[in-house]
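User: I am new to reading protein structures and would like a close look at one part of this one, the place where two chains meet, followed by a walk through the surroundings. Please take it slowly and connect the pieces for me.

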Amino acid sequence: MHTMAKSFSLLDKQTLWQTIIDVFLKLNPLHLVKNPVMFVVEIGCILTTLLFFQALFGHGEERTSFIMAVSIWLWFTLLFANFAEAMAEGRGKAQARSLKGARRDVMAKLLSEPNRDATASVVPGSQLKKDDLVLVVAGDTIPGDGEVTVGVASVDESAITGESAPVIRESGGDRSAVTGGTRVLSDWLIVRITANPGETFLDKMIAMVEGAKRQKTPNEIALDILLAGLTLIFLLATVTLVPFSIYSVRATGQGSPVTMTVIVALLICLIPTTIGGLLSAIGIAGMDRMIQANVIATSGKAVEAAGDVDVLLLDKTGTITLGNREATEFLPVEGTTAQQLADAAQLSSLADETPEGRSIVVLAKKEYGIRERDIKSLGARFIPFTAMSRMSGVNLDGREIRKGAADAIEAHVKARDGGFPEEAKSIVNGIAVQGGTPLVVVEGSQVLGVIRLSDVVKGGMRERFSELRRMGIRTVMITGDNPLTAAAVAAEAGVDDFLAQATPEMKLNLIRTYQAQGHLVAMTGDGTNDAPALAQADVAVAMNTGTQAAKEAGNLVDLDSNPTKLIEIVGIGKQLLMTRGTLTTFSISNDVAKYFAILPAAFSGIYPGLAALNIMALSTPQSAILSAVIFNALIIVALIPLALRGVRYRSLGAAAVLRQNLIIYGLGGLVVPFFGIKAIDMLLSFLNWT
Amino acid sequence: MTANGILQIALYFIVLIAAAVPLGRYMARVYSGEPVFLSRLAGHMERWIYRFCRINGAQEMTWKTYAGGLFLFNLAGIITLYLLQRLQGFLPLNPHGFPAVPPDLAFNTAVSFVTNTNWQAYGGETTMSFFTQMTGLAVQNFASAASGMAVLMAFIRGVKRTLSQTIGNVWVDLTRSVIYILLPLSLIMALLLVSQGVVQTLESPARVQLLENTMDEGGHTVSGQEIPLGPAASQVAIKQLGTNGGGFFNANSAHPLENPTPLSNFMEMLAILLIPAALCITFGRMLKDSKQGWALLAAMMVILIPLLGVCLFNEQAGNISFWQMNIDQTASSLQSGGNMEGKEVRLGVANSALWAIVTTAASNGSVNAMHDSFTPLGGLAPLLLMQLGEIIFGGVGSGLYGMLMFVLITVFVAGLMVGRTPEYLGKKIEAFEVKMASLVILIPATVVLIGTAIAVVINPGLVGISNAGPHGFSELLYAFSSAANNNGSAFAGLNANTIFYNATLGCSMLIGRFCLMIPVLAAAGSLARKKHVPAGAGTLPTHTPLFVLFLVAVIMLVGALTFIPALALGPIAEHLTWIR
């Protein structure tokens, strides 16, 4: 798989500068207000800064150096969170820049009619409208998204897909879509433009990777609400400490009420800044991982929905099985040896360039050591397959060898007053029942035997499907085959269910049935007839090689056109949710240690007994509070790599995944800050900064 | 902790579960409209009520209609109860000749009983006529309990139904709760209490000759005593069963005529947790997944038992100041030992601690000992149980729906952690549900903290505090925690019958009740409209020990962390100062 994303380094000078500038631009309250947690942090920063200036002019509520230190680290908390977001965006922006390179304004040859010799006027590509016809010749860049109406050409699509091998684009069929910014290498095409300027695939991709059009996904919105709720709760819990401590000072006659600086420090330590600061970075990074997998999501919602998918519809051919059937066995009838049958079968297939034909030649060589012969030197005449005869074969030295479907051969034999043996019939039926395709071989009017053609299930599919099953995803194989064949392949591949003799309507109905039962359905497709089903599916992956209609209907486009990519996409979707969930848990469980650091520091002046809560034995109240604030800021930085990379997803059952993540992030979140805060406190005392 | 005490507590929980299971199954049948053994008798009554009130029991309601009906019903309750108190001087059954209850106290009491709080800023035997007690307070004991159960049923239907706009009929839920469940149970309970000596009479106060004459403040000799009587047993039965907690007498269940014997004490404690525990079973039964109900019950127990341990341990350990004076506080055959201040000798330490825990776990609030006299940490446990939002058993119905809101939050975070849009019992938990659940958690916490914050800085608040230092602060925090979470128990010590406290605590109770019912019903409506997602291997199971533990962790982190700073300045500071 080619990945273009990996080629951009963060240390790329331009990216780095842009990131640093963004970190400060993102301090804009109008930007931060969208993230309630970080907005509260910013207010806290401003407040402590004002308190610092007040202290500077001699009216400080705490030591000036202490207020300054708290204020600086609160600003760092904010900047670190901005950095995480800018960094995630930076990676996307770097990709966008390279994509924009492909959007050079090219001159297009606008045709008046779909005819190579029609009069052409040269206009800028950016002025092309829907349904304009343009001529693209070898060496030209295709000026916009469109469909080939005339011609066939090889096209270099590496600017979009990162794949350097050229692809063939031709009019009609499922290979007719071309993308603006790609280059014609040979021959020529007449393209009907299908997208107005600014709406092309390339434009969409650029907007997507830049994050400009990034909307919050449903789970992200729900999480935002929860985080805002927690922020409010902790805001109340800390702000009410002012009256509570005023009362306590009055009641005991000692100590002093808690200061604003300490309240702000406590508040910001308690609110879920870790997840709040990394939330948007996680979302952007999730999209980015999709792009690294060479999948373009047309909405963030699709990425998230991918994690929820529990039914996967997979086309049999090309996804589960290799594209073509292969000969796997020669079954002679009574009176013929397998050797003879194989020899005849090979002879009849020497000139047959279909994959089935090739596989017969290969099998005969492999099983019976019959070497491939040159059909020309034998003086044989090849009889190609026609729709009329539904047979192919060879005439050689008076031998007439034919192979074909059973009914065609039966008719052929009967016409020559031959008999179609019962044995051959039963072999044919046997093969069909087992899901194979029987090809009967006949010489003259004598039936020699049957070749078994079988679907060959791709290596490792069984394991992948059982992995999916463990993840709770049901796999359904879609095929045009008859139910018997379908059942056999389904059993071999280990899918949960299959749909045989599928038509586009049946596919659509199947998806609707699953959805009505509450399932979320994912499918891949490339043809125009897949479009309705793609539009209905919750997660629809269109192949980049597919038609424009399919690409429009899907919400994800796989640039590699690899149908098994769905499995990867599901993993990325799950990873995205898991990263959010685990960091939320981590963030909240951090609070326990922070209480133990800050409460004794804030209140042991009023109630000296509360010093007993200082179980970390932090050196001074100021150092305790500062250590908690510093820890809170640094943990964001420490978790940026995790946020960008995502929590590792393993296909265990839900309960096992929860157990694992709770131990790592729940228990870890409880324990880690105790050590972290203590270590920072020790460092501060060592440096004598307290 | 003594072996005897632990044995009694163990027996309590065994009997509780043994009784909760059949009751839970019975309630599931009642709410599902299936026939039960009371159907013949109660069915007639039910149909008669519908005919009389022109209710069409088959009519389904949207969540808004349901909520509207419920609020009108409760508003009518508040107005009626207010008027009954104000007019009791003109009404019959007033042998003491009590005058009208002052407006602020009448408002506070009306709100208190309708919201199932039963905060009592008055003394029953010196304020309320029998008529007010019987037709006002006792009636609202039934009505408020039924309201809580109705909302729970609406929520259960929300989870159960698919693509439905409606969540049941509020009048049917209210009626069934009362006549199939609360009335029969109260009848049995009242008879059992009478057998133990709880009074049930409309007689005037009894006058008795004192064994030894005494002097009053004016120096006059007093030779007789007036002992107030009344229809107590009938009211005590529903006060316990409906997690109301409003005592007939001022001393509540510490009063010998309200709770005379250890057996009556045991039965009353049992009645406190009976319906809340049984509703967990009902929940599982109605959703055809019993394990879900057991999981919730288990989560409640996992929080309850350790806090009971904290309370019992500290109470039995006794008063530190007494130890310093070399006063023997160990349990022996001659004395119960431990901190006996404010406790009834006939009940002892273990039964007082157990009562304090179950009455605050459930939003009951009746007391058999003075919580104000508990050790700081012994008092912390009941305080924390209220601050968690009255969801550890909690009020009838309201406790479980509150717990279910925490479950939604837990499911949401846990669901994300396993990489799937969270779902609970086949329903996807999305932004709206998270918003509603957050509100349910946020609102009571806000009321407690802001209420306490106002009271500690302004004079009308400060004058009510009778103890100095952190203990005074605990009293205030306790009062607002109790009111906002609809518990109703008092730390005592606080003089709450002032205009300031009657008004602020009254509002706290209203917000704590109805501002939570709205989001719960809204969430029920939203869930009912959703599709049912079939469970698969990728679905997070919500009945496993792992999930229960995570739920407990979320409750403790979200529910308890909010109050840690406040608790640090109250009971924790008191305890740490005391042991120094």
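Predicted model: local features only at pLDDT ≥ 70, side-chain atom pairs only at ≥ 80, totals over all residues.

Analyst: In it, 58 residues of chain B are in contact with 63 residues of chain A. The size of an interface is often given as the accessible area lost when the parts come together. For chain B and chain A that area is about 5,100 Å², and 77% of it falls on carbon and sulfur atoms. On the side of chain B, the residues that lose the most area to chain A are B:Leu416, B:Met417 and B:Leu569, which together make up 14% of what that side buries.

From the interface we can turn to the nonpolar cores. In soluble globular proteins, nonpolar side chains tend to be buried together. The largest nonpolar core here has 335 residues, and B:Ile275 and B:Ile392 touch the most other members of it. Helix α9 of chain B, residues 262-286, gives the most to this core, with 16 residues. If we set aside residues up to four places away in sequence, B:Ile392 touches B:Met300, B:Ile303, B:Leu304, B:Ala361, B:Ala362, B:Leu385 and B:Met403. Another core, of 22 residues, lies apart from the largest one, and its members include A:Phe330, A:Ala345, A:Ile401 and A:Val441.

Next comes a sheet in chain A. Strands of a sheet pair through backbone hydrogen bonds, either parallel or antiparallel. This sheet is open and has 6 strands with antiparallel pairing, in the order β10-β15-β14-β13-β12-β11 of chain A. Because β10 (326-332) and β11 (381-383) of chain A stand at the edges with a single partner strand each, one side of each is left without a neighbour in the sheet. From one strand to the next, the twist averages 20 degrees. Within the sheet, β12 (residues 391-396) and β13 (residues 399-404) of chain A pair in the antiparallel sense over 6 bridges, and A:Gly393 has A:Arg402 in β13(A) as its bridge partner.

Two helices accompany these strands. Helix α12 of chain A, residues 338-349, packs on the sheet and touches β10, β11, β12, β13, β14 and β15 of chain A, while its direction makes about 85 degrees with that of β13(A). Helix α13 of chain A, residues 355-368, lies across β10, β13, β14 and β15 of chain A and runs at about 60 degrees to β10(A).

A:Thr274, found in helix α10 (residues 273-292) of chain A, is buried, because its relative accessible area is 0%. Leaving aside neighbours within four places in sequence, A:Thr274 is in contact with A:Phe586, A:Ser587, A:Asn632, A:Ile635, A:Ile636 and A:Leu639. A:Asn482, by contrast, lies in the loop between β16 (474-478) and α18 (483-493) of chain A, and since its relative accessibility is 34%, A:Asn482 counts as partly exposed. A:Asn482 touches A:Ala500 and A:Gln501, not counting residues up to four places away in sequence. Between A:Asn482 and A:Ala432 there are 9.4 Å in space, C-alpha to C-alpha, although the two are 50 residues apart in sequence.

Note on methods:
Residues numbered from 1 in each chain as written. Chains lettered and ligands numbered in written order. Heavy atoms only, no water. Pairing = 2+ DSSP bridges. Helix = DSSP H or I, 4+ residues; strand = E, 2+ residues; numbered from the N terminus. Axes fitted to C-alpha atoms, helices over the stretch in contact; angles between N-to-C directions. Contact = heavy atoms within 4.5 Å. Core = buried A, V, L, I, M, F, W, Y, C linked by side-chain atoms within 4.5 Å. Buried < 20%, exposed > 50% of the residue type's maximum accessible area, 1.4 Å probe, protein only. Buried area = accessible area lost by both parts, 1.4 Å probe.
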